Number of protein chains: 2
Amino acid sequence: MAKGKSPRWLDSEERRVWLAWVFATRLLWEELERDLQRDAAMPFSYYEVLVMLSESPDRSLRMSALADATQSSRSRLSHAIARLEELGWVERRSCPTDRRGANAVLTPAGFAALEAAAPSHVESVREHLFDQLSPEQLAQLREICDTLLDHLLPIVSSRGDARTQIIERARARLDPALEDAPAG
Amino acid sequence: MAKGKSPRWLDSEERRVWLAWVFATRLLWEELERDLQRDAAMPFSYYEVLVMLSESPDRSLRMSALADATQSSRSRLSHAIARLEELGWVERRSCPTDRRGANAVLTPAGFAALEAAAPSHVESVREHLFDQLSPEQLAQLREICDTLLDHLLPIVSSRGDARTQIIERARARLDPALEDAPAG
DNA sequence: ACCATCTGGTTGAACCGTCAACCAGCTGCG
DNA sequence: CGCAGCTGGTTGACGGTTCAACCAGATGGT
């Protein structure tokens, strides 16, 4: 990482911020995952897959589009869909226009599972995040996250690696506002 | 989860904050982990273990204390130490005063590995976090994280589960300021 | 002293994610 | 056309985390 000469160590105030961030984000993630696992028996990343599918036309999406939408690598998504197929929540259909391609389709059972999971998930997000912060803090947090995303998205997408061209789609997706309500 | 009657869905501004937070924290974590994996061939959680040990008297710590310090479950730590032992970076020694207990000790090789890993890790943290945010944003972020921790730490520790009594120790540890410099 | 109980720590299976290798189908250019 | 190279997607090995079950040593009450 552009390893200069002498490392710019963190001063004590910086260290405080750093530790607080590490602890808070890790605990918050773990808590949300734990709640979701308890109430819906699925990891958050699978929940996201179901949400994205539920909000797409025909409740169906190309694998690559779904990978971008859920910020997951193609490999991860492939494994995830395999698992969701086992559960009967998603089906794979080959794409007519491009014979390499595949579409993931949400089944009725999958939609039902999502509807069942959503209320307690949203409650969990409220409890652990929104209910804790003041309106000003929420506004600040949004600014901070947007700033970080401006830095991170180009890096990730330039590493052509798995997720391609997330930038515009991600930016776009941050506005239309979907998520957390299974059907709009 | 105190699942009330009708779920309090997120409004569109809340959804924006939520998505921004999910994207930003996930990408930031992944980027930091990736950098550390590339430069030091270890996951962040192992790095934390080495740091905590390096800053303890005799570079040694009881397993349970180490688990608390690194916010990890006893099980996770046990597996981690097993791996670090294979690498020759940590040794397990039975505790003289309590024969159930075990101490983890950082070996010279482990200390060297940490010294080698630290500069580029700290650079990575600066690049992706500190260099991106203004001083005000950093102050806000600290407040936000502290607030979330006030909420989360009691929950986690009350679930007597793995990590015991993290609260005071964690709170205390957030001040003395350690981390990221292998030797103060 | 005795037994129940708690605490410190380990173990193994199941699961999710990553990485690198791979295959198949599309695309462009000589 | 023919072949190189790209793209969409899958696969399998590997590594780390979780969860539940478990063992051994400490503790406390009677």
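Predicted model: local features only at pLDDT ≥ 70, side-chain atom pairs only at ≥ 80, totals over all residues.
Of the 184 residues in chain A, buried residues make up 35%. When contacts in chain A between residues at least 6 apart in sequence are considered, 53% of them join residues at least 24 apart.

H1(A) has 29 residues and spans 41 Å from its first C-alpha to its last, close to the 42 Å expected at 1.5 Å a residue. After H1(A) comes A:Ala41, whose phi is positive, near 55°.

The next step is to set the two protein chains side by side. In general, two copies of a chain are related by a rotation about an axis and a shift along it.

In all, 60 residues of chain A are in contact with 61 residues of chain B. Helix H1 (12-40), helix H5 (108-130) and helix H6 (135-158) of chain A each contribute at least two residues to the side of chain A that touches chain B, and H1(A) provides the largest share of that side, with 18 residues. By class, the side of chain A that touches chain B comprises 33 nonpolar, eleven polar and 16 charged residues.

Two residues of chain A show what such contacts look like one by one. A:Ala24, leaving aside its neighbours within four places in sequence, is in contact with B:Cys145, B:Leu148, B:Leu149 and B:Leu152. A:Gln132 lies in the loop between H5 and H6 of chain A and, not counting residues up to four places away in sequence, touches B:Thr147, B:Leu148 and B:His151. Because A:Gln132 has 18 C-beta neighbours inside 10 Å, it counts as partly exposed. Between A:Gln132 and A:Met52 there are 80 residues in sequence and 27 Å in space, C-alpha to C-alpha.

In soluble globular proteins, nonpolar side chains tend to be buried together. The largest nonpolar core in this model has 95 residues, and those with the most contacts inside it are A:Ala24, A:Leu50, B:Ala24 and B:Leu50. H1(B) supplies the largest share of this core, eleven residues.

Two or more residues of the surface near DNA strand C come from each of helix H4 (74-86) of chain A and helix H1 (12-40), helix H3 (63-69) and helix H4 (74-86) of chain B, with H4(B) giving the largest share, six residues. The surface near DNA strand C divides into six nonpolar, eleven polar and eleven charged residues.

At least two residues of the surface near DNA strand D come from each of H1, H3 and H4 of chain A and H4 of chain B, and H4(A) gives the most, with six residues. The surface near DNA strand D has six nonpolar, eleven polar and eleven charged residues.

Some details of the backbone remain. Most residues other than glycine have a negative phi. A:Gln71, however, is a residue other than glycine with a positive phi, near 55°, and its place is in the loop between helix H3 (63-69) and H4 of chain A. A:Gln71 is buried, because 20 other C-beta atoms lie within 10 Å. B:Arg59 also has a positive phi, of about 45°, although it is not a glycine, and is found in the loop between helix H2 (44-54) and strand S1 (60-62) of chain B. B:Arg59 has 20 C-beta neighbours inside 10 Å and so counts as buried.

Methods: Residues numbered from 1 in each chain as written. Chains lettered and ligands numbered in written order. Contact = placed C-beta atoms within 7 Å. Helix = DSSP H or I, 4+ residues; strand = E, 2+ residues; numbered from the N terminus. Nonpolar A, V, L, I, M, F, W, Y, C, P; charged D, E, K, R; others polar. Buried ≥ 20, exposed ≤ 12 C-beta atoms within 10 Å, placed from the backbone. Expected span 1.5 Å × (residues − 1). Core = buried A, V, L, I, M, F, W, Y, C linked by C-beta atoms within 7 Å.
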